[in-house]
Amino acid sequence: MRFDASSRNGTGRRAFLRGAGAFCLALPFLQSLSKPARADATAPIRFVPWIGWWGTLPQYWMGPGEGADFTWGDVTRPLDPLRHKTSILSGINMASVFKQFGRAGNHDIGGPSVLTSAPRFTREDSLNGSTGPSIDSVVANRLPVTKHKSLFIGDGTDHSHSILVREGEQADWYPRPVIDPVELFDMLFAEFGGDTAERERLRASKKSILDATLPEYEALSAKVSASDKALVDRHLTSLREIEISISAVAECAPPERPTGGWDGTARAIEAYKLLFDMTAIALACDLTRVAVISFSGYRTSARDVVPSFDALSPEKPDSDMHGFSHGHWREPGQTAVQKEILIWRTTMLRDFALKLDSIPEGDGTTVLDNTVIAHTSEILTGLHDGLPLQEWGYSNVMDDAPVRPTGLPVALIGGAGGALKTGQHFRLDKTHTYGDGLGKYSHGELWLTLARAVGIDAASLATFGDPEVCKNVIEEILT
Amino acid sequence: MSTRSFVTFASMAALAVGCMGRIGSGEDGAGTGGPDDPDLDPDAQIESGELPIRMLTAAEIRYVLGDLFPDKDFTDVALGPKRPEGKYSTYAELQAVSSVSHQNMENVLGGVADRAVGEDAHGFLGCDPDADQACVEAFLRDFGPRVFRRAFDDEEVTRFETLYRALRGQGDVRSATTGVLQALLLSPYFLYHFHDAPDGVADASGRVRLRGEEIATRLSFLLWSSGPDDLLRDAVTSGELDTDEGVRAQAERMMKDPRFARFAEAFVLEWLEVDHVAELGKDATRIPEWSGDIAHDMLEEATRYAIDWGTSDAPTLAALLTSNDRFLNARLATFLGVEADVGEGFEETTVADRTKASGVFTLGSFLASHTTITGKFGPVYRGKWLRKRLMCGVIGSPPPDALTKAPKEESVTTTREYHEKLVEMPVCGGCHSNMDAMAFALESFDGAGRFRTTENGVMVDTSATVSLSGDAELDGNYANVAELADAYAASQVTHDCFGQNLTEYAFGRLVTPSTDRVQRDVGAALASGGLRDAMLALVTSAPFVTSLDPSKGAP
């Protein structure tokens with residue numbers, strides 16, 4: 001995988017962005033973040049936030065033990081083949097949400113917050129979103145230019161959330177994940193098909209058409225009112241991103257183009273696998289270095305992912321994936337199904353990581369070694385986190401005593417080029433920085449720490465998150 | 001909205017438990033600027049609005065392509081912004097184009113261009129560009145203005161000629177012609193609606209009348225979902241559209257044209273939120289009789305009903321809400337449990353029993369769309385639609401622990417019984433008593449829209465209660481869907497809200513009492529004269545035919 005020297009060199013852009021964020025240097029919280037976590041390495045470093053929607057079953061998330069001497073819970077056990085490349089963080093909570101609402105959130109609160117750690121807003125027409133940029137945008141803007149600045153794939157949920165917010169823009173629109181494997185293939189790999197001459201002709205033609213179209217959007221942007229300009233400028237920004245992607249000459253062995261429609265629950269599983277596989281190839285080929293994977297599994301059915309569904313015989317219809325995440329306080333059958341659904345979701349995560357781990361970089365490392373996949377969720381549990389769990393008979397298997405769950409289900413897979421410690425369970429739930437039971441660090445601090453781990457100059461990260469709950473770096477997980 | 005209903009609502013809203021409000025008043029009904037705001041004079045001449053730039057809707061793109069290429073079929077082209085939940089496809093604000101969606105447009109419009117040019121590029125251009133130097137320019141000067149819906153300037157001719165030459169250097173005449181057409185279709189002048197800053201003299205309120213060409217475009221896209229016809233272009237040339245009388249005359253003509261059916265179809269289906277019913281799935285274990293054919297039939301029923309209403313002699317809101325004329329085929333009639341003498345094809349039929357035929361409320365698509373996939377919770381979803389889209393109320397989100405507090409389904413026999421329990425619970429009742437209780441009138445239809453007299457062996461009880469409507473005459477108890485439909489049809493609240501919906505569709509943005517007074521005029525015209533009068537009020541309103549004077553600062 002190679003790029004033109006001009007497109008690979010992101011120094012100027014990064015220097016500019018660092019300058020843009022300079023006014024924030026005075027903020028004290030940045031002092032602790034000001035040291036880059038890693039020096040430049042040869043292989044590109046990739047950043048993959050993985051949003052596993054609807055929380056987890058805390059009693060099945062992790063077993064006893066900590067540090068390197070930890071045991072899996074049933075839900076995390078599928079990660080065992082990657083044990084030495086994985087770390088689990090307990091005690092990460094959404095301090096920004098607790099600060100704003102005084103309690104944990106639901107999907108509509110956690111969704112806009114999960115990647116932003118900034119205050120949420122609700123407009124009079126019920127649209128909700130975050131007031132700050134999401135970490136994928138912040139990181140992608142500071143990484144060297146690749147053909148695609150970032151990818152957003154998966155399935156979202158059956159809710160309408162705005163989880164991504166581009167830096168410098170308002171969260172008044174909903175970026176949607178790519179859910180169709182054919183669409184993702186065409187976006188990533190269509191140009192790699194055919195013979196070289198035809199490919200070059202199509203690329204030149206695309207560039208010519210864009211050259212004719214761009215000035216019209218520029219002219220329009222200059223003459224419309226301020227409120228209209230925002231919409232036109234978003235389109236214009238998209239065109240400029242396409243312009244960069246046309247200019248970036250990439251070489252990559254594409255996979256087979258998927259075929260057909262994706263209706264029906266069984267094909268939904270195949271679609272997920274294709275999406276994840278193609279994303280892995282795009283990361284390996286350096287077509288992008290940032291990918292947000294949003295994965296609840298709601299496009300499939302419980303019967304298709306839980307072989308024992310009929311034996312567990314819950315009363316709920318198998319299509320109600322979301323319902324199972326909430327249903328687990330009701331009756332054992334629903335909990336049993338939800339547990340199996342979560343295990344299936346972990347196997348999908350693991351298979352994606354294994355795919356990355358199967359691709360060598362040429363220096364003895366694998367793509368996974370130079371990536372961090374950061375799994376978390378928008379809520380802790382399907383209980384919407386608002387209940388005293390003892391009321392429902394929960395006991396946390398780690399301490400064998402009825403306690404609150406110990407935070408978001410955070411699993412980091414991959415070492416980000418050696419910047420992250422792996423093979424450990426970090427118990428960060430023993431001290432509480434932002435309130436009773438909220439653990440040592442906020443989820444905003446997790447993102448800032450990971451941004452630093454992938455090589456972002458911490459001083460340039462001031463646009464991210466609510467500063468009051470993004471003060472500290474999680475030194476425990478850095479090498 | 002009358003002053004009486006403001007007062008009624010304001011006093012009663014204070015009793016609601018933190019979940020009810022009216023659009024523009026904040027979720028809790030206590031925000032500023034809404035009807036509850038004591039500082040707001042409801043008769044103040046608020047008129048700050050503009051029509052924002054917006055992308056053509058999917059339907060508009062299809063109709064415009066049909067007009068541009070009458071001998072080709074582009075009815076399969078699916079492009080354009082998806083309708084956000086609870087909004088119209090014209091709603092501008094959520095139409096941001098990402099690089100992914102632009103590349104999708106490139107692909108789709110590239111395919112359109114390829115089919116439009118066909119195998120004979122010379123025939124398409126009307127000349128041979130290799131032999132005739134002036135060929136491409138002549139084509140652009142003739143065809144460009146039709147694509148851009150406005151005059152083509154010399155710079156644009158030069159830009160697209162240059163593009164043609166670049167593409168011809170890379171490929172043959174056909175691929176170069178296709179590429180130029182693709183670029184024209186990707187232009188903002190094709191894809192977006194917007195107006196240029198007006199250059200006339202501002203009136204006392206600081207507004208300047210738009211050029212006739214722009215008013216013509218607004219009229220034709222609102223009423224026909226496509227560009228102006230020759231008569232409308234003539235009205236531009238003659239200056240007829242420079243006066244409200246002229247605009248009114250053209251709008252009256254256009255509403256008698258068959259193309260007005262496009263408005264009726266697009267607006268009514270989106271208002272009812274049944275435009276996606278053909279893709280609606282139902283849980284096969286609970287509703288095994290559901291099928292794609294039924295879903296398509298339901299879309300057809302709703303479409304025919306909407307068009308028949310919009311193109312009738314006197315389309316009133318009352319007719320839309322109460323008519324007992326239905327459009328059914330034998331398959332759908334059997335599925336829905338409606339006795340009708342119809343054959344395989346769709347036919348109009350009058351159903352004497354109004355509990356089986358009460359306007360939009362008994363459309364299969366409406367009843368089936370506003371429930372869950374398992375067909376449950378109809379009173380919540382149907383009640384939510386009634387409250388939000390028919391009464392323009394705002395409903396807050398459920399509290400985070402709502403689901404954990406909800407009653408168990410196993411403990412009840414009927415849907416109504418479940419929702420009555422829900423309403424009794426303090427954490428749920430504050431909102432649900434104002435939603436579910438209205439929708440009990442629709443309990444004679446199950447989650448797939450099928451008529452029923454019993455549920456799980458128990459007689460269905462359709463008695464329903466409307467509360468906190470803002471209209472003392474609408475608040476009350478109703479025995480069944482027919483009574484409820486009649487009450488809504490007589491209420492000014494319903495007319496005001498429908499006027500607000502029409503305005504939001506036409507303006508492509510949220511309309512609130514605190515920013516616009518247009519929707520009140522539209523609602524009043526709707527109540528006194530019906531849909532056509534409402535549309536005339538809309539198309540002659542200040543935001544539609546004027547713009548703020550840019551010299552006084554952009555809005």
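Predicted model: local features only at pLDDT ≥ 70, side-chain atom pairs only at ≥ 80, totals over all residues.
Residues are numbered from 1 along each chain as its sequence is written, chains are lettered from A and ligands numbered from 1 in the order in which they are written, and side-chain values use heavy atoms, with hydrogens and water left out.

Chain A contains 14 helices and 13 strands, where helices (H or I, at least four residues) and strands (E, at least two) are DSSP runs numbered from the N terminus. Of its 479 residues, 60% are buried; buried means under 20% relative accessible area, exposed over 50% and partly exposed in between, with a 1.4 Å probe and protein chains only. Among the contacts in chain A with a separation of 6 or more, 76% involve residues 24 or more positions apart, a contact being heavy atoms within 4.5 Å. The accessible surface of chain A is about 17000 Å², and carbon and sulfur atoms contribute 52% of that area. Accessible areas come from the Shrake-Rupley method with a 1.4 Å probe; for residues, only the protein chains shown count as cover.

In chain B, 26 helices and twelve strands are found. Buried residues account for 59% of its 555 residues, and 68% of the contacts between residues at least 6 apart in sequence join residues at least 24 apart. The accessible surface of chain B is about 21000 Å², with 52% belonging to carbon and sulfur atoms.

An open sheet of seven strands with mixed pairing is present in chain A, in the order E8-E9-E1-E10-E11-E4-E12. Strands E8 (151-154) and E12 (424-427) of chain A lie at the edges with a single partner strand each, so one side of each has no neighbour in the sheet. From one strand to the next, the twist averages 15°. Within chain A, strand E4 (residues 86-90) pairs with strand E11 (residues 410-413) in the antiparallel sense over four bridges; two strands pair if DSSP finds at least two bridges between them. Thr86(A) has Ile413(A) of E11(A) as its bridge partner.

In chain B, helix H10 (residues 230-238) packs against helix H11 (residues 244-256) at an angle of about 180°, with the axes 11 Å apart. Axes are lines fitted to C-alpha atoms, for helices over the stretch in contact, and angles run from 0 to 180 degrees between N-to-C directions. H10(B) is therefore roughly antiparallel to H11(B), a term for angles over 145 degrees. The contact involves Leu231(B), Leu232(B) and Ala235(B) of H10(B) together with Gln250(B), Arg253(B) and Met254(B) of H11(B).

Terms used:
Parallel < 35°, antiparallel > 145°, perpendicular 65-115°, else oblique.
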